[in-house]
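Me: I have a protein model open and would like to go through some of its side chains. Can you help me read it?

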Amino acid sequence: MSTPTRAARVISTELLENKDAKWINLVKITYEDQNGHVRTWEAMNRPGRSTASAVHAVQMVAVLQKSTGPELLLEKQFRAPAGKIVIEFPAGLVDEGETAEQAALRELREETGYIGEIMPDRGGTRPMLFSSPASSSSSTFLIHLKIDPDREENRNPKPQLEDGEFIECFWVPLKNLYDECRKLEAQGFAIDGKVGVFAEGLEMSRIWAA
């Protein structure tokens, strides 16, 4: 990973032909509605998915238990479509041959340096999430992990970022996540939708439990 020397910025935006695209394609979907009418829809399609995984990508909810309460691991990363540094969960695509759980452990270590332990889903099967189902077929699992602070690798985590990746990791007390998201947005950061909805859910549980 190279050391950043300036703030990232968008230089230009132009149309991209599908033949030149590597990660997503624009497609036209033809479907039949509930009244039997044939209709079309424009959408983005992410080509390819690991044969060992039900989803294209994973999002990691990594938690460190401290004496003051649980803390959540988040990232700051510039995202060109947003034109801003975005507050995100650690995340990544599932490589061919990987399960979603294997991808979660790998991506967590590569992006943050932390070694996590996957928490079993209490429902038995993780729900498949579609981040933007009106415009994309991309699917993801939200995988919960716990971080052992006594583990040697977690005392001084060393990310393994690729060239061109610039990720800053930070911890937020789970009880303060909603307020911290509001504060970060006011400072000019963009909030990833999954982080924002997660924070809103925590805030709603406090409001309606009162």
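**Side chains, one at a time**

Reply: Start with F89, which counts as buried because its relative accessibility is 1%. Keep in mind that this is a predicted model.

Me: Which ring does F89 form an aromatic pair with?
Reply: The partner is F198. The two ring centres are 5.6 Å apart and the planes make an angle of 85°, an edge-to-face pair.

Me: Where are F89 and F198 in the chain?
Reply: F89 is in the loop between β5 and β6, while F198 is in helix α4. They are 109 residues apart, and the pair links distant parts of the chain.

Me: How many aromatic pairs are there?
Reply: The count is two. Besides F89 and F198, there is Y114 with W171.

Me: Why is the pair of Y114 and W171 called edge-to-face?
Reply: Their planes stand at 85°, and over 60 degrees counts as edge-to-face, so the pair gets that label. The ring centres of Y114 and W171 are 5.4 Å apart.

Me: What parts of the chain does that pair link?
Reply: Y114 is in the loop between α1 and β7, and W171 is in strand β10. The two are 57 residues apart.

Me: Buried or exposed, what about Y114?
Reply: Y114 is buried, at a relative accessible area of 12%. W171 has 22% and is partly exposed, because buried means under 20%.

Me: Switching to charges. How many salt bridges does a search of the whole structure find?
Reply: It finds 14. One of the salt bridges joins D33 and R39, with N to O at 2.6 Å. D33 is buried at 13% relative accessibility, whereas R39 is partly exposed at 38%.

Me: What does E101 form a salt bridge with?
Reply: With R126, and the closest N and O atoms are 2.6 Å apart. E101 belongs to helix α1 and R126 to the loop between β7 and β8, 25 residues apart. R126 is buried, with a relative accessible area of 15%, and E101 is partly exposed at 27%.

Me: And E180 with K183, what separates them along the helix?
Reply: About one helical turn, because they are three residues apart in helix α3. E180 is partly exposed at 22%, and K183 is partly exposed at 45%.

Me: Which residues are linked in a network of salt bridges?
Reply: D95, E98, R106, E107 and E110.

Me: What lies over the face of F170?
Reply: K76 does, 5.1 Å from the ring centre.

Me: New topic, the surface. Which residues form a nonpolar patch there?
Reply: W23, I24, L26 and M44, with about 400 Å² of accessible area together. M44 is in strand β2 and is partly exposed, at 35%.

Me: What does the side chain of T140 have 3.0 Å from one of its polar atoms?
Reply: The backbone oxygen of A57. T140 sits in strand β9 and is buried, with a relative accessible area of 3%.

Me: Last one. How far is T112 from E75, C-alpha to C-alpha?
Reply: They are separated by 8.4 Å, and along the chain they are 37 residues apart. T112 is in helix α1 and is buried at 3%. V61 and P47 are 14 residues apart along the chain, with their C-alpha atoms separated by 25 Å. V61 is in strand β3 and counts as buried at 4% relative accessibility.

Notes:
Residues numbered from 1 in each chain as written. Predicted model: local features only at pLDDT ≥ 70, side-chain atom pairs only at ≥ 80, totals over all residues. Heavy atoms only, no water. Phe/Tyr/Trp six-rings, centres within 6.5 Å; stacked < 30°, edge-to-face > 60°. Helix = DSSP H or I, 4+ residues; strand = E, 2+ residues; numbered from the N terminus. Buried < 20%, exposed > 50% of the residue type's maximum accessible area, 1.4 Å probe, protein only. Lys NZ or Arg CZ within 6 Å of the ring centre and 35° of its normal. Patch = residues over 30% accessible without salt bridge, like charges linked within 9 Å, V, L, I, M, F, W, Y side chains within 5 Å. Areas by Shrake-Rupley, 256 points an atom, 1.4 Å probe, with all protein chains shown as cover. Salt bridge = Lys/Arg side-chain N within 4 Å of Asp/Glu carboxyl O. Polar contact = N/O pair within 3.5 Å; in protein donor to acceptor, adjacent residues only side chain to side chain.
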